[in-house]
Amino acid sequence: MVKTRKTRVGLRTPVDFILALRKTGRPMTDTVNEALFDLVHSLQAERVPASARVFLQKQWRSDYALLSCQFRLEASAVEYLKFNGYNLTTCIKYALLSPTKQQELWTYKKTN
């Protein structure tokens, strides 16, 4: 059995975001790890548009009540994102959004 390296990551995320993660019925860390793995794979395979890559490098600001959370994420994914200049919190939020929500977000960003 291969043991993967994990790193502890502290994030400040909106309360509604955390409540939505808890409603899935799975451990939040597992959900975040899978979403982050899929995002890193998409970035490496160049399936993420250039406009989204620019967005992922910036801080995702929100005016909502924030909650601090600790996740134990795979170190390889975290290191890849940090090394390539991506904002980890933005990447996690982006990865967890449904494709429909991502499309709405990009439409909103382009028009404003």
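Reply: Buried residues make up 36% of the 112 residues in the protein. Buried means under 20% relative accessible area, exposed means over 50%, and partly exposed lies in between (1.4 Å probe, protein chains only). This is a predicted model: local features need pLDDT of at least 70, side-chain atom pairs count only at pLDDT 80 or more, and totals for chains, interfaces and linings use all residues. Residues are numbered from 1 along each chain as its sequence is written, and side-chain values use heavy atoms, with hydrogens and water left out.

Me: How many helices and strands does the protein have, and what counts as one?

Reply: There are 6 helices and 2 strands. Helices (H or I, at least four residues) and strands (E, at least two) are DSSP runs, numbered from the N terminus. From that end the elements run β-α-α-α-β-α-α-α.

Me: Why is K93 called buried?

Reply: K93 has a relative accessible area of 6%. The cut-off is under 20%, so K93 is buried. This lysine lies in helix α5. Contact means heavy atoms within 4.5 Å. Not counting residues up to four places away in sequence, K93 touches R12, T13, P14, F17, W60 and S62.

Me: Is T90 buried or exposed, and what makes it so?

Reply: T90 is buried, because its relative accessibility is 0%. T90 is also placed in helix α5. Its contacts, leaving out residues up to four places away in sequence, are F55, L56, K58, Q59 and W60.

Me: Why does K6 get the label partly exposed?

Reply: The relative accessibility of K6 is 35%. K6 lies in strand β1. Beyond its neighbours within four places in sequence, K6 is in contact with N33, R72, L73, E74 and A75. K6 and F71 are 65 residues apart in sequence and 9.4 Å apart in space, C-alpha to C-alpha.

Me: What makes a set of residues a nonpolar core?

Reply: A nonpolar core is a set of buried Ala, Val, Leu, Ile, Met, Phe, Trp, Tyr and Cys residues joined through side-chain atoms within 4.5 Å. The largest one here has 28 residues, and those with the most contacts inside it are L36, L39, L56, F71, L73 and L81. At least two residues each come from β1 (6-14), α1 (15-22), α2 (28-44), α3 (50-56), β2 (66-74), α4 (75-83) and α5 (88-96). Helix α2 gives the most, with 7 residues. Take L36: leaving aside its neighbours within four places in sequence, L36 is in contact with L73, A77, L81, L88, C91, I92 and A95.

Me: How do you know that the buried residues of α4 line one face?

Reply: The buried residues of α4 are A75, A77, V78 and L81. Seen down the axis of α4, they fall within an arc of 165°, so they line one face of the helix. The arc is that of the directions from the helix axis to the C-beta atoms. These residues pack against β1, α2, β2 and α5.

Me: Why are α2 and α5 called roughly perpendicular?

Reply: Helices α2 and α5 pack at an angle of about 95°, with their axes 9 Å apart. Axes are lines fitted to C-alpha atoms, for helices over the stretch in contact, and angles run from 0 to 180 degrees between N-to-C directions. Angles under 35 degrees count as roughly parallel, over 145 as roughly antiparallel, 65 to 115 as roughly perpendicular and the rest as oblique. The angle is in the perpendicular range, so α2 is roughly perpendicular to α5. The contact is made by T31, V32, A35, L36 and L39 of α2 and L88, C91, I92, Y94, A95 and L96 of α5.

Me: What about the angle between α1 and α2?

Reply: Helices α1 and α2 pack at about 100°, with their axes 9 Å apart. So α1 is roughly perpendicular to α2. I18, L21 and R22 of α1 meet M28, T31 and V32 of α2.
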